[in-house]
Amino acid sequence: MGIERWWFTVPLRLKSILRRRQANLELDEELQFHLDHLIEEGIANGLSPREAREAALRTMGGLEQRKEEMVDTRRVNWLTDFIDDIHYARRSLRRASALTGFVVITLALGIGMTAASFSMVDALIFRPYPVPDHGKVVNLMSTSRDNAYDNFSYREYLDIRDHTNGYDGVIANAVIEPVGFSVDAGTTPRVKGGMMVSGNYFQVLKVKPQFGRGFRSDEDEVPGRDAVVVVGHDCWKREFASNPAVVGSVIRLNGIDFTVIGVAPESFPGMQVFVRPDFFIPLAMARMFATNPNRNFFEDRDDRQLSLKARLKAGTTLQEARSELTVLANDFQREYPKLNRDRGAAVRTQFELRTRGDAVEWKFTVIFSILALGVLLVACTNVAGLLLARAGTRTREIAVRLALGAGRFRLIRMLLTESLILSCLGGLAGIFVGYLAIEFLRAFSIPTSLPITIPFRMDARVLLACLALSVVSAFLCGLAPALQSTRMDLVTGLKTADVDAPGHKRLWGRNLLVVAQVATSLMLLTASFLMMRGFQQSLDAGTDFARAAKDHVLMASFDPRLMQYDAARTQRFFELLTDRVREVPGVQSAGLTQNPPLGLDDFEAIAFVPDGYQMPADRENFTSTMDTVDEGFFETMGIPIMRGRDFLPSDTQDAPRVAVVNEQFAKRYWPGADAVGKRIRLDGPAGTPVEIVGVAQTVKYRNTTDRRTEFVYIPLAQRPVSRMVLLLRAGGEPTQLLEPLKDVVRALDPNMPMVETRTYEDLYRYSAVEGPGVAVKLCGSMGVMALMLAIAGLYGLVAYNVTRRTREIGIRMALGAAPSDVLRLVMGKGLVLVAMGTVIGLAMGVAVERLMNSMLFNSGGLDVLAYALVVPSMFLVTMLAAYVPARRAARIEPTEALRYE
Amino acid sequence: MSKPTDLVQGTLDLLLLKILALEPLHGWAISRRLQIISREVLRVSEGSLYPALHKLEQEGWITAEWKQTENNRRAKFYSLTRLGRKQLELEAANWHVLSSAITRVVRLSEA
């Protein structure tokens, strides 16, 4: 029925819209035809032609009034009226071009800021996986007491892949790691991002390579046999000049020859938000990434490096998948009580994974979005205030329209159309503002040689958001003025050009706007101020060493695996390297670390049991983040040893095992006692004993926004690692050491690549200055923008209110009121409103502070200083906004005021 | 001429659909036909007829076409669509239900 009906009605409606005149003419003609017949019938009945005509017209008379009704049955009035409204609004907005301009700019700022923050939220939270049918792709994670987002080991992956029924395939990938890439054996390798994936990766994700093919499952079965690689699209464009012939050619990765079998399509930049893999490599080739020679990726069930994703079968619910995996995790616990104790498993959707509790980025963007929405709200109240003021001056026009019979609803619609056009213009300009803001965010550089991309972009989703925001803001800022200006007493409305009907009802909306504006901008100002202070505080704590190191430390990474060194040769290389560079003139000290503090890599975790510590009954061990360093590390990095001793060259492989912990660690496990001399046992109560020989100062490890965390240092000699960062402390400019360092390395092995050579300042600037700096700048600019908008709006509203009372003020003064009385009257009103707004704004500010503390800073109590600075300044500004027009009003000559209309 | 009986609410559509089901007609002819068939009992004013026709057209139950009349004048002829035929069946059925119910009530003998 439905479609057939449209078949008839749609052309009719279209005709009514597009050929309105024609339709009306036809109606007239039809009625004329009827009239003619009536007349003829009258004449036939013996009436004179004149009488017949009059009689016919009488009969038809009622019809003329029903014509409008008949037009209504076409049900397109809303649209034709809308078109009329647009024409009308265009004319009336053009007349008030200054107002239009101001409104558009205000809205553009609000909408643009919100769009930019939405692009961040979208990239970090909402944007779906770039694969077909992405809603079915879920994440499987291992969960332990300390980490609800842990990975699985290769063995566990195989078990899960083979023993679950709820999925159309389970895939695994490791993190993106640096690989040395060269086109042939002769050239020095350059660093690219390689990611190990399971053989069914492309097939399960339903990603079809642009050229060549994806992996066959047998290419991921025998460790080390099939050296095949799929090239990422970006890399293919950059490194292979978009040449399809690359498929089938041989390239070198980490010194091994790989055959290129395919090129990933442009639509698939990878499943990660920030990084795009250059090379997809089968898991079976894992040896080329092995960091720890004591570990066997293919056998060790606790070598958990793989993150798992799976495609839900049609008909399988998330709940079913969850219970299935839980059963499997329980089996693991039973079978491998030592390795899998207290270990569960979870199935998480993309959204759940991206909004994980321990990630800071999305929280920041959410807070940022709230601030941006606040700015938009202030912008809307501003515009509402302006439109309200304008509606006042149109009182007579609207009264005339009402008197002529325009429906109130129709008038509201007309006024709303006007604000819709305004906000659409604002939206267009907002898109531009948003574009600039996003470009600003994208320009932010991250110091790594891995291909990190900033995923914020102006795309269809953001544009759609802009559109939605425009419509919403049209209603926000247009509804109140439209409602108020059409609710009027016709008689008074017609009598004066600009009437403020007595009584408080009409002022109510305007007062509300003032209060809302003060409150919102106060909240925004508080929030941005708190955010700036929060970042500052978190920056200052635990980063003294970094400020001292930034001008003097040079870093270079070495990964002898890229040159096929074995474990012994690797350790020998590091020993020689540090020995030689320490002899270079200008080098004060040199040290090795896996990852310097504030570095870009993740720290490894270490499981241990503190000796003599009463373990809770339900757990086997504790874990802590750790770093492997050599004896020169603390001196070079400038992290003071507070108690005990530094590592010594005598802490060799054969010497008793030792460790240095940080103060936080010591405080947690031996509160009130000296940790030096205490022992921890690795893995469990029966594990290798390690003596704590020193306590180092607690610093920031991963981010400058970190909370205080426990940390353990283990000497390199007792825990051989293949990829290390060399740190050199120079007396002067650290880059001067670059050439001598190159000479040293060349003497050791001319082919050894030096990866990510940079000064520590780069790292510091990124993690302590630019990253948080961008955040602080963004928040600051939000706050300032909100404040400026609020001041402008507030001033306008208060001034407008006062101006409209000019006549009243004149009468008061004519009756003998002194200027000071008038001033008190006007100011008093403003102050009451500002006070109300302040109280509400304070309450909202405290709420926002709670929220930010719980999400980002964890600083606890209220930031009194912030309020002490923000509140009075806000009050001052609004007082000023009331004072200036009040003063002007008080100076008016009574005679002039009385004449004023 | 006796005062025409007011139509039962909502029956005008039914009548118009029924008349047009017989043959396509223009507005004037419809009003004449109504009067003749119902033996002058039912009379629809022009003020009701044309809005009703327009409504039916907008619903897609009837469709209009400009054609020459026998006197060689241009007139708008309405005819029933397939949808309209279904609607007619529906409304006719409704009418039977309603009218027989009313008849039953009216015929109740007083006890």
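Which residue takes a positive phi in the hairpin of β2(B) and β3(B), and how many residues lie between the strands?

A: The residue is Asn72(B), with a positive phi near 65 degrees, in a hairpin that has five residues between the strands. The model is predicted, so local features need pLDDT of at least 70 and side-chain atom pairs count only at pLDDT 80 or more, while totals for chains, interfaces and linings use all residues. Residues are numbered from 1 along each chain as its sequence is written, with chains lettered from A and ligands numbered from 1 in the order in which they are written.

Along the sequence, the order in chain B is α-β-α-α-β-β-α.

Strand β3(B) covers residues 74-80, and five of its seven residues are buried, so the strand is largely enclosed by the rest of the structure (buried: 20 or more other C-beta atoms within 10 Å of the residue's own; exposed: 12 or fewer; partly exposed: in between; C-beta atoms are placed from the backbone). For chain B as a whole, buried residues make up 26% of the 111 residues.

Next come the helices of chain B. Helix α1(B), residues 11-22, packs against α2(B), residues 27-37, at an angle of about 100 degrees and with the axes 11 Å apart (axes are lines fitted to C-alpha atoms, for helices over the stretch in contact; angles run from 0 to 180 degrees between N-to-C directions). That makes α1(B) roughly perpendicular to α2(B) (under 35 degrees counts as roughly parallel, over 145 as roughly antiparallel, 65 to 115 as roughly perpendicular and the rest as oblique). From α1(B), Leu15(B), Leu16(B) and Ile19(B) meet Ile30(B), Arg33(B) and Leu34(B) in α2(B) (contact: C-beta atoms, placed from the backbone, within 7 Å). By class, this contact has five nonpolar, no polar and one charged residues (nonpolar: Ala, Val, Leu, Ile, Met, Phe, Trp, Tyr, Cys and Pro; charged: Asp, Glu, Lys and Arg; polar: the others, Gly among them).

Helix α1(B) packs against α4(B), residues 82-107, as well, at an angle of about 130 degrees and with the axes 9 Å apart. These two helices are therefore oblique to each other. Residues of α1(B) in this contact include Leu14(B), Leu17(B) and Ala21(B), and those of α4(B) include Leu88(B), Ala92(B) and Trp95(B). By class, the contact of α1(B) with α4(B) has six nonpolar, three polar and four charged residues.

Among contacts in chain B between residues at least 6 apart in sequence, 52% join residues at least 24 apart.

Methods:
Helices (H or I, at least four residues) and strands (E, at least two) are DSSP runs, numbered from the N terminus. Two residues are in contact if their C-beta atoms, placed from the backbone, lie within 7 Å. Two strands pair if DSSP finds at least two bridges between them.
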